[in-house]
Amino acid sequence: MVRSNFEKLINFEKGTYESKGVIESTFKRNFSSLLFYPPLIKIIFRCSKLAKEGKFDEKSFYNESFEVFKLLERVGVRFKIEGINYVERCDTPAVFVGNHMSTLETFILPLILIPFTSISFVVKKSLVEYPIFGHIMRAVEPITVSRTNPRDDLKTVIEEGCKKISQGRSIIVFPQTTRKVDFIEAEFNSIGIKLAKRANVPVILAKRANVPVIPFALKTDAWQNGKWIKDFGPIDITKKVYFSFGEPIFIESRGDREHKLVIDFISEKIKQFI
């Protein structure tokens, strides 16, 4: 699934990337948020301007995601990203299903995935209504849900998700209703499984018509939730960031077994993250 028109801005060795040469100092530990947010605000305003002008495309999304990634490493945040070999070997669009911990994954997942597949996020409708940031979100054409009416949200995700997948785009789903540091299995719904079960891709794209679920687990509490503005909390560089992707899972029957496989993958990976 590697896309030749996207230069890899980070290199994965055997499907893994790990930060090297990131300097953690007392100064950075004490002032990491102060070092991080002014440059981030500049990036957001730049992207918003491009979006309003109709110039914020997938390439921009990818490049600006890299800028945020470099900024995080520069202030002392360390990353470990693994399992990219599973993404690379997948020959169709996929439904990426993972836990949701902080704002960080929204900024960094484009950098990780766009070299392999076009993507679309499932997001809360309120995100596209934000001033400044909303312009960016609308430009990348997410699937928006209310988070208040599960039945309507499921219908929206299935209808719009199937359409985007048929066009060759992968869908990123966070089945939790809100961002949480703790992974609570009972709050992790099966909306991603239902989408993968229903979605098809043109036969020219792959040997089989249905698409897989690719589970991913993450630990991104280095970017903490804010007390006043949830999206912009303190940066804690003592906490390492982890992304781990698993083997593609094709839905063979009702999806109960596959949903359990996704939950088990995320649960076990989170236990391994140190």
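Helices (H or I, at least four residues) and strands (E, at least two) are DSSP runs, numbered from the N terminus. This briefing applies these terms to a predicted model, in which local features need pLDDT of at least 70 and side-chain atom pairs count only at pLDDT 80 or more, while totals for chains, interfaces and linings use all residues. Residues are numbered from 1 along each chain as its sequence is written, and side-chain values use heavy atoms, with hydrogens and water left out.

**Pockets**

- A pocket is, on a 1 Å grid over the protein atoms alone, an open set of points with protein on both sides within 12 Å along at least five of seven lines, whereas a cavity is a set of points where a 1.4 Å probe fits but cannot get out; lining residues have an atom within 4 Å of a point.
- The second largest pocket has a volume of about 290 Å³, a volume being the space filled by probe spheres set on the points, with grid points joined across faces, edges and corners.
- Helix 6 (150–166) and helix 7 (191–198) each contribute at least two residues to the lining of the second largest pocket, and helix 6 provides the largest share, 3 residues.
- Of the 15 residues lining this second largest pocket, Pro 150, Asp 153, Pro 175, Asn 189 and Ile 191 lie nearest its centre.
- The lining of the second largest pocket comprises 8 nonpolar, 3 polar and 4 charged residues; Ala, Val, Leu, Ile, Met, Phe, Trp, Tyr, Cys and Pro count as nonpolar, Asp, Glu, Lys and Arg as charged, and the others, Gly among them, as polar.
- The largest pocket has a volume of about 490 Å³, and of its 27 lining residues the closest to the centre are Thr 103, Leu 127, Tyr 130, Phe 133 and Asp 231.
- Its lining divides into 16 nonpolar, 6 polar and 5 charged residues, with at least two residues supplied by each of helix 1, helix 4 and strand 4 (118–124).

**Cavity**

- The count is 1 cavity of 30 Å³ or more, and the largest cavity has a volume of about 150 Å³.
- Phe 56, Phe 61, Phe 107, Phe 133 and Ile 136 are the closest to the centre of the largest cavity among its 14 lining residues.
- Helix 2 gives the most to the lining of the largest cavity, with 4 residues.
- By class, the lining of the largest cavity has 11 nonpolar, 2 polar and 1 charged residues.

**Helix 4 and His 100**

- In helix 4 (residues 104–113), 10 of 10 residues are buried, where buried means under 20% relative accessible area, exposed over 50% and partly exposed in between (1.4 Å probe, protein chains only).
- His 100 is found in the loop between strand 3 (95–98) and helix 4, and its relative accessible area is 10%, so His 100 is buried.
- The side chains of His 100 and Glu 105 make a polar contact (2.6 Å); such a contact is a pair of N or O atoms within 3.5 Å, and within protein one must be able to donate a hydrogen and the other to accept it, with residues adjacent in sequence counting only if both atoms are side-chain atoms.

**Aromatic pairs**

- The whole structure holds 17 aromatic pairs; rings of Phe, Tyr and Trp (its six-membered ring) pair if their centres lie within 6.5 Å, with planes under 30 degrees apart counting as stacked, over 60 as edge-to-face and the rest as tilted.
- The ring centres of Tyr 17 and Phe 69 are 5.6 Å apart and the planes stand at 65°, so the pair is edge-to-face.
- Both Tyr 17 and Phe 69 are buried.
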